[in-house]
Amino acid sequence: MQDVVIVGGGMVGASLAVLLGEAKLNVTLLEARSFNVDWQANSIDARVSAITAASRALLASMDVWPGIIARRASAYTGMRVWDSEGSGEVVFSAADVGVAELGHIVENSAILAALYARLEALDHVQCIDNATIEALEPLATGRCVTLSDGRRFEANVVVAADGARSTLRQLAGIEVSSHDTGHCAIVTTVRHEHSHGRTAQQRFQPTGPLAFLPLVIDGDSRYSSIVWSADVAEAERLMALDDAEFSSRLASAFEHCLGAITSVEPRHSFALTQRHAQRYVEEGFALIGDAAHSIHPLAGQGVNLGLMDAAVLAEELAWAKQRGAPLHDLRILSRYSRRRRLDNTMMLTLMDAFRVGFASDIPLVRLARNLGMRGVNGTMPIKRFLARQALGERSDLPARIKAHL
Ligand SMILES: Cc1cc2nc3c(=O)[nH]c(=O)nc-3n(C[C@H](O)[C@H](O)[C@H](O)COP(=O)(O)OP(=O)(O)OC[C@H]3O[C@@H](n4cnc5c(N)ncnc54)[C@H](O)[C@@H]3O)c2cc1C
C-alpha cells in the first residue's frame, strides 16, 4: 500500500507530488495526458498564470523555480485597475510594499515542464501518464483507484487533483455548489504598440473584465497575455471576428492604453463556472486545487489557491507520517480542510462580489464603486493591504513558504 495516490498531474497535483516526494512519502501520480510537455522558447503558450510571491516562494522551496526562470517568467512591478464607466482607478506598485516585484506571469507549460523535470529526480514518486480512471473504492485504511486497464493502486490517501470537472470527486459522491457566471474568457497573446512597463492592467467593463498580463519576450515588453471575459453571446461574436477586426476591437476596449494591437495569436475560449466542493475531505480522500474550487480568473488566483492547498496538505501529511499517525484518519485530513476552506471561500466570495458589482449599471452602485476606487487609491494602508493580497500573503502560510518569502 502506498502512502498517497494523486489523480491529476496538473500544476497543483504535480506540486503536491514533489512536496510529498521530498518528505519521503511513497507517492503515485496518475495523469490522463502525457508528461511530455510542449514548452518551446520560440512560441508563447496561450495559457499563463499570474504567480504570486507566496507561490513563487513555494516553488523556490521545491527547487522548481530555477527551472521556470530558465524557461520564461515575466516579473511585474505595477498593477492598475479601473472602471470603464467612471473615473475611479486603483494603482499600486511593488515599491508601495517595499518588494522588488508583485508577481510573475508564467506560461502554464513552463511551470509543468519544470515540475515534471523535478519529479524525475525524486525516488519516492512513481509517475504514470495516459491513465484512465475506472473506479474508486474504500479500503479499511484508505482507498483503491482502478484504471481502465485493470491496474489497481491502493493508498492511505487518494488525492483528487483532476481539475474543475473532477471525475474522482464524482466517484466519491461529493457534491459541489456551482453557478455558471454566464461568462466565457477569451485568452490569447498579443503584441502592442507601446511597452506595458511591467504593469498588469485590468479594465472593468459592464460586459466583464479585460486583463492585460505583461510578458517580456527576448527583452521586448510589448507583449501581453490577455484574458477577456464577456457574456457567452459577446464572446462568441469576438471569437468569430478575423484577427484584424479582433485587434481593433481589443485596442478600443482597452482605451488604446497600449496603442494599437500589432499581432494576435490564436484565441481560445473557456466557459467560466464558479464551483466549490461541499467538503474537501473524507476518510482516506482529499480534494485540492480546481477539483475543490474553481474561481473566476479576474484576480488570477486559481492556481495560487491550489498551490496553497498542496502546501498545506503536504505539511499535514508529512507531520502525520513523522509521528507515525494513520494518514487516512479523518482528523488529520480535516486539519488541511480547516486551514484552507476559509481562505478559499473568502476569495470565491470576493471575486463574485467584484464580478457582480462591476457588471451592475445601477447608478448608485456605479457611484459607490467609483467613490470606492478613488477612496482606495487615496488611502495608502488600504492600497498596501490590497498589494499584500496580490502578493498572496496570508496569516496561515506553511513554514516553508514563509522561509522563502
Ligand atoms: C482563462 C483562465 C485564466 C486563468 N488565469 C489564471 C491566473 O492568471 N492565475 C491563476 O492563479 N489561475 C488562473 N486560472 C486558473 C488556473 O488555470 C487553475 O486554477 C489551475 O489550472 C488549476 O490547476 P489544477 O492542477 O487544480 O487543475 P488543472 O490545471 O485542470 O489540472 C488537472 C489535471 O488533471 C488531469 N486529469 C483530469 N481528469 C483526470 C482523470 N480522470 N485522471 C487522471 N488525470 C486527470 C488533467 O489532464 C490535468 O493535467 C485561469 C483559468 C482560466 C480558465
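**Aromatic rings**

I first looked for ring clusters and noted that Trp82, Phe212 and Phe254 are linked into one by ring pairs, where rings of Phe, Tyr and Trp (its six-membered ring) pair if their centres lie within 6.5 Å, and planes under 30 degrees apart count as stacked, over 60 as edge-to-face and the rest as tilted. I keep in mind that this is a predicted model, in which local features need pLDDT of at least 70 and side-chain atom pairs count only at pLDDT 80 or more, while totals for chains, interfaces and linings use all residues. Residues are numbered from 1 along each chain as its sequence is written, and side-chain values use heavy atoms, with hydrogens and water left out.

My search of the whole structure gave 5 aromatic pairs. One of them is Phe212 with Phe254, a stacked pair at 3.9 Å centre to centre and 20° between the planes. I find Phe212 buried at a relative accessible area of 2%, and Phe254 is buried as well, at 2% relative accessibility (buried means under 20% relative accessible area, exposed over 50%, partly exposed in between, with a 1.4 Å probe and protein chains only).

Trp228 is buried at 5% relative accessibility, and Phe246 is buried at 0%.

**Charges over rings**

I counted a charge as over a ring if NZ of Lys or CZ of Arg is within 6 Å of the ring centre and within 35 degrees of the ring normal. Arg80 lies over the face of Trp82, 3.7 Å from the ring centre, and Arg47 lies over the face of Phe270 at 4.4 Å from the ring centre.
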